[in-house]
Structure formats: C-alpha cells, structure tokens
Amino acid sequence: MGLSTAWQLSQWGHQVALFDPRLNQPSETGIPSSRGNGTSASLGVLMGHVFRRSSGRGWRLRQRSMALWPKWIAELQRFEPALSLNRSLIQIAEDASAFERMRKLASDRSHLGIQAIPPGDIETIWPTAQFGALRSKNDGRINPVLLQKALRLALASSSVELVPEPVDALTRKNPGWQLNGSGGHRSVHDAVVICAALASPALIEPLGHSRPISPVLGQALALQCADGPSNWQGWPSVLVDQGFNLIPNGPKRLLLGATVEPGDSAAHSPLELMRSLNDRAPTWLKDAEPIEQWSGLRARPVDRPAPLLEALEPGLILASGHYRNGVLLAPATAEWIANGFANDANGF
Ligand SMILES: Cc1cc2nc3c(=O)[nH]c(=O)nc-3n(C[C@H](O)[C@H](O)[C@H](O)COP(=O)(O)OP(=O)(O)OC[C@H]3O[C@@H](n4cnc5c(N)ncnc54)[C@H](O)[C@@H]3O)c2cc1C
C-alpha cells in the first residue's frame, strides 16, 4: 500500500518520502521464503467482480481497482516486464443453493464477464464440482512479489525519497507533521499517509486515535504435482473451492492458499489443510508434494469494515487494515488518497 500510494502521489506531482525498514532489503524474487510483510505472503488473487454485494464502499473500491489494474500493469511492465495480470477465475459452488446464487449473479453481471458454468462443463478440470461453478473472465491474479519489485523500480526512477527506517513517532507541528525515524531521521511534512498495516494503531494512538487491528493468519503452499494436469490446459488463473485458492504456477506446479484461525502463529499443518479440502481434493492434489510453505498476517480492523481509509484529522490519513484484499484494492486506495489531496477533501 505504501509503495503504490507513493508511486501514485509522485505521478500526481507531489513531493513524497516513503518510510519503511523493508526498503533496505533486496526485492524478493520468485517465491520468497521469508515473508516479512503481508503483501509478500499474499497470493495476489483479485476477486473484484465476483464480490457478492453490489453496492456500498467495498463494491465501489473493488470496481475501481478492477478498472485501474490493466492501466497499472501496463505502466509497471516498463519496470518489470514479467509482471502480468493473469485473468480468469472459477469459483466452485458448494451446494445447489450456492449455484442458484451464482446463476443470479451471472445474469446480473454478464456485462462484467461473469458466467455460470453447469457441472458437466467443469468436470474435466475439477471432477468434484457436482453443482456447477461461476467463471469470471476479468478477475484473476497478480504476482505480489513481482508487483512490489516493479513498484520499487518505478520509485527508484522517480523523485520519491526512500527512507529505510521505521517511523517511531509522529508529532503535530502546526502546520505539518514531524516524523521521527528509529535511525535518527527527522523531517516535517504537510501530510502523512499511514500504511503500516498491523503497526498502524501504535502510530496513531499517541495522537488520540484508536483504530485497533487484529492479526488473522493466512497460510500458503507451493506444490509439485506428480500426476494430474501437466500444462493446466483449460484451467483458469485461479480456481476457488470452499475458500481455498488454487493457482497454476508452471508445469505441474500449483500454489494453494487458505485462511486459518485468528492469532499470530501457524497452529495447523498446512499439509492437513491441503489434503482435506473437505474431501473434495482430487487424488493428484492429495498426493502432491509441498516444495515450500509460508504464512503471513492479514490486518483485520476490529469492529469496523475493512479497509480503514479515512482522514483522521487534517493531514493525517490512515490507509490500513485491508485484511484479505490489500493487493486487489491497492490502485483504488492510492487513487482515493491522491483524489483527497487534489480536491482538498474534508480532512486532507
Ligand atoms: C497468506 C495471505 C494471503 C493473502 N492473499 C491475498 C489475495 O489473494 N488477494 C489480496 O488482495 N490480498 C491478499 N492478502 C491480503 C494482502 O496481502 C494485504 O491486505 C496487503 O498485502 C496489505 O498491504 P499493506 O501494505 O497494508 O501491508 P504490508 O504488506 O504488511 O506492509 C506494511 C508495511 O509497513 C511497514 N511498516 C511497519 N511498521 C512501520 C513503521 N513503524 N514505519 C514504517 N513502516 C512500517 C512494514 O515494513 C511493511 O512493509 C493475503 C494476505 C495473506 C497473509
């Protein structure tokens, strides 16, 4: 969120400084094993059009992000040509009533590329889909590691000042805000945008703002499949069954993600999760060999809807708590912030 917001603001002509201790670390490549932030642990699935509601802020942000992503990717490919928007997502219906809801959604959203698939049409790729599925032509996936790499390269060629230190304290200056970095950096800015995920509440509490955020563990696996589809012919970029995301990732390779219980440690074996899929996993998946596993923390706002996007007071903007959809919502979030400054919106 910080990288994309800094990139957006600098493109709109603002003088920007980005503070993050992770700027010191080399950009990860491939599948990182040490996933220091939420974004690196993420699978990068974009479920914008299949969102169940069709009004409210969540829907508007999703629609805006899905409209912006193709432009963002086209621009960021200049910095990282391997970055791509891998479109197409299939969601498996868990029962007959779920398929009925999918049919209704498909008839309301055919203009967005949503289509209901009868069971017979999906059984070649997912034989346990007895009730049918929903296909979204324009949802899909972005590799979050490549995305961060592209944004870092874009920032390196921009005028954004990169400060590889955590911010320890924020102080009101009238006018402006003073930032104290843990490495001794001190500077005053007209406005501050806080995108520190789980670390955000501690930065705003001393200023009298309480926005608690709780960690929700997410786990993921990279698998090598001995049997099963070798080239993923007919597969979408993402297949979702009972909340598990399956992502083809090269010949006989698959990424598998799942959300687990609240807390901050991996309580269950991801292997068990993978093998269960509530008994709907095909044999080739049950037998697949894990080649990597990792977990990360999702930042979920307490008693408020995700994300926390608000001007807490003039020049103090919070953009955190994106929970399950921070990759999806990055462009819409960055644009919301840039628009707020451009229009001198309330609180900016
Ligand atoms: C396993 C897993 C799977 C996920 N799958 C998806 C998915 O498929 N699709 C999707 O859209 N989302 C997904 N998410 C959610 C998504 O990853 C997050 O919503 C998103 O990455 C949040 O981005 P962020 O920038 O707010 O947080 P982060 O990526 O965690 O970044 C926060 C940054 O703040 C920095 N920071 C912390 N404290 C300070 C400080 N004091 N000063 C300066 N900097 C500081 C940190 O170094 C860090 O770089 C997933 C999450 C997990 C864990």
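**Notes on the ligand site and salt bridges**

1. Starting at the ligand: a backbone N or O atom of Gly38 sits 2.8 Å from one of the ligand's oxygen atoms. That falls under polar contacts, meaning pairs of N or O atoms within 3.5 Å; within protein, one must be able to donate a hydrogen and the other to accept it, and residues adjacent in sequence count only if both atoms are side-chain atoms.

2. Before going on, the ground rules. This is a predicted model, where local features need pLDDT of at least 70 and side-chain atom pairs count only at pLDDT 80 or more, while totals for chains, interfaces and linings use all residues. Residues are numbered from 1 along each chain as its sequence is written, and side-chain values use heavy atoms, with hydrogens and water left out.

3. For Thr39, an N or O atom of the side chain is 2.5 Å from a ligand oxygen. Tyr323 has a polar backbone atom 3.1 Å from an oxygen atom of the ligand. On its own the ligand exposes 1,000 Å², and the protein buries 89% of that (Shrake-Rupley areas with a 1.4 Å probe; for residues, only the protein chains shown count as cover).

4. The shell around the ligand has 30 residues, with Asp20, Gly38, Thr39, Val45 and Val167 the closest (a residue is near if one of its heavy atoms lies within 4 Å). It splits into 16 nonpolar, ten polar and four charged residues; here Ala, Val, Leu, Ile, Met, Phe, Trp, Tyr, Cys and Pro count as nonpolar, Asp, Glu, Lys and Arg as charged, and the others, Gly among them, as polar. Helix 2 (38–41) and strand 15 (289–301) each supply at least two shell residues. Helices (H or I, at least four residues) and strands (E, at least two) are DSSP runs, numbered from the N terminus.

5. Now the salt bridges: there are six in the structure, each a side-chain nitrogen of Lys or Arg within 4 Å of a carboxyl oxygen of Asp or Glu. One of them pairs Arg64 with Glu335, closest N and O atoms 2.7 Å apart. The two are 271 residues apart, with Arg64 in helix 3 (residues 57–76) and Glu335 in helix 9 (residues 330–342). Arg64 is partly exposed at 35% relative accessibility, whereas Glu335 is buried at 14% (buried is under 20%, exposed over 50%, partly exposed in between; 1.4 Å probe, protein chains only).

6. Glu310 and Arg211 also form a salt bridge, at 2.6 Å between the closest N and O atoms. Glu310 is in strand 16 (residues 308–313) and Arg211 in the loop between helix 6 (200–204) and strand 11 (213–224), so this pair ties together parts 99 residues apart in sequence.
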